[in-house]
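This report describes selected features of one protein chain.

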Amino acid sequence: MSHPERPVLMIVAAPAGAGKTTLCDRLLAEFPRLRYSISCTTRQPRGNEKDGVDYHFVTEEAFQSRIEHGDFLETANVHGNWYGTLHGTVRDALQAGDDVIMDIDVQGAESIRAAMESGEDLLRDSFFDVFILPPSMQVLEARLIARAEDTSDVIKTRLGNAVGEMECQHKFAHVMTNDDLDQATADLRKIYLSECKTQGGRA
C-alpha cells in the first residue's frame with residue numbers, strides 16, 4: 001500500500017465505555033503512517049495513563065490560557081473536566097503527510113465539524129468522522145463497571161450522557177457497532193482504508 005498523496009483526519013467518537021480507545025489503538029498498531037492526536041485535559045490520570053502519551057494533563061488555568069490564545073482546534077467540557085485538541089499538532093502532522101486519528105467525545109466531534117466549515121483547506125479536505133455504538137445500554141454499563149475506573153455515581157452520569165450522545169449518531173459520516181472486538185476492528189479498518197482511497201485517490 002503506497003503512502004497517501006493526501007492525508008486524512010479521522011475523528012472517532014463514542015459514549016464512554018464503547019471501546020473507541022481500544023479500537024483506535026489497534027488501528028494505530030497496524031498502520032505506521034497513522035498518528036494519534038494527544039488531547040489536553042484538566043482531569044486527573046486514570047489507571048496507567050501517562051502524561052504526553054495518553055493525554056497532556058494540564059491545570060485548569062493552563063487550559064484556559066491556551067483557549068484565550070486560540071491554541072485549540074476544539075474544546076469540550078465533559079463530566080466537569082476540560083478536553084481539547086491542539087490545532088498545531090494536527091496541522092503539523094497533516095502537513096508532514098501523516099494521517100491523524102482523534103479519539104474524542106461527541107461534543108468535541110461537533111466542535112471539529114463546525115470548525116471545518118470555515119477552517120483551512122488542509123483540515124477540511126482531509127476530515128471524516130466515525131461514531132461507535134455499544135451493542136446495548138446493558139453491555140455499556142457492564143463494560144464501565146468492569147473497567148473499574150469510575151464510581152457508581154460517575155457511571156450513572158456516563159450512562160445518562162450516552163443516551164444523548166447516541167442520538168447524535170446521524171451527524172457522523174460512518175456509524176458502526178462494537179459488539180465483537182475483532183469484527184469492529186475490521187469494520188474500522190475498512191472505513192479508514194475506504195476514506196484513504198476516496199480522499200486521496202489511492203488504495
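## Strand β5 and its partner

Of the seven residues of β5, five are buried, so this strand is largely enclosed by the rest of the structure. The model is a predicted one. Strand β5 covers residues 72–78 and is joined to β6 by six bridges, the two strands running antiparallel. Two of the residue pairs may be located by name. Phe72 has Leu86 of β6 as its bridge partner, and Thr75 stands opposite Gly84 in β6.

The strands β5 and β6 form a hairpin, with two residues between them. His79 lies in this turn and has a positive phi of about 55°.

Strand β6, which spans residues 81–86, also pairs with β3, residues 40–41. Here two bridges join the strands, and the direction is again antiparallel. Within this pairing, Thr41 has Tyr83 of β6 as its bridge partner.

How many salt bridges does a search of the whole structure find? The search finds eleven. One of the salt bridges is formed by Arg33 and Asp99, whose closest N and O atoms are 3.0 Å apart. Arg33 lies in the loop between α1 (20–30) and β2 (34–36), whereas Asp99 belongs to strand β7 (residues 99–104), so the pair ties together parts that are 66 residues apart in sequence. Are these two residues buried or exposed? Both Arg33 and Asp99 are buried.

Another salt bridge joins Asp98 and Arg35, with 3.5 Å between the closest N and O atoms. This pair likewise links distant parts of the chain, 63 residues apart: Asp98 is in the loop between α3 (87–95) and β7, and Arg35 is in strand β2. The two partners can also be described by their accessibility. Asp98 has a relative accessible area of 15% and is buried, because the cut-off for a buried residue is under 20%. Arg35, at 38%, is partly exposed.

## A pair of neighbours and a network

A further salt bridge brings together the side chains of Arg91 and Asp92, at 3.9 Å from N to O. The limit for a salt bridge is 4 Å, so this pair is counted. Arg91 is partly exposed at 25% relative accessibility, and Asp92 is partly exposed at 45%. Salt bridges may also share partners: in this way Glu110, Arg113, Asp129 and Lys171 are joined into one network.

## The packing of two helices

Helix α6 (residues 137–146) packs against helix α7 (residues 152–166) at an angle of about 140°. The axes of the two helices are 11 Å apart, and their crossing is right-handed.

Which residues make the contact? From α6 come Met137, Leu140, Glu141, Leu144 and Ile145. From α7 come Ile155, Arg158, Leu159, Ala162, Val163 and Met166. By kind, nine of the contact residues are nonpolar, two are charged and none is polar.

Note on methods. Residues are numbered from 1 along each chain as its sequence is written. This is a predicted model: local features need pLDDT of at least 70, side-chain atom pairs count only at pLDDT 80 or more; totals for chains, interfaces and linings use all residues. Side-chain values use heavy atoms; hydrogens and water are left out. Helices (H or I, at least four residues) and strands (E, at least two) are DSSP runs, numbered from the N terminus. Buried means under 20% relative accessible area, exposed over 50%, partly exposed in between (1.4 Å probe, protein chains only). Axes are lines fitted to C-alpha atoms, for helices over the stretch in contact, and angles run from 0 to 180 degrees between N-to-C directions. A crossing is left-handed if the near helix is turned anticlockwise from the far one by less than a right angle, and right-handed if clockwise. Contact means heavy atoms within 4.5 Å. Ala, Val, Leu, Ile, Met, Phe, Trp, Tyr, Cys and Pro count as nonpolar, Asp, Glu, Lys and Arg as charged, and the others, Gly among them, as polar. Two strands pair if DSSP finds at least two bridges between them.
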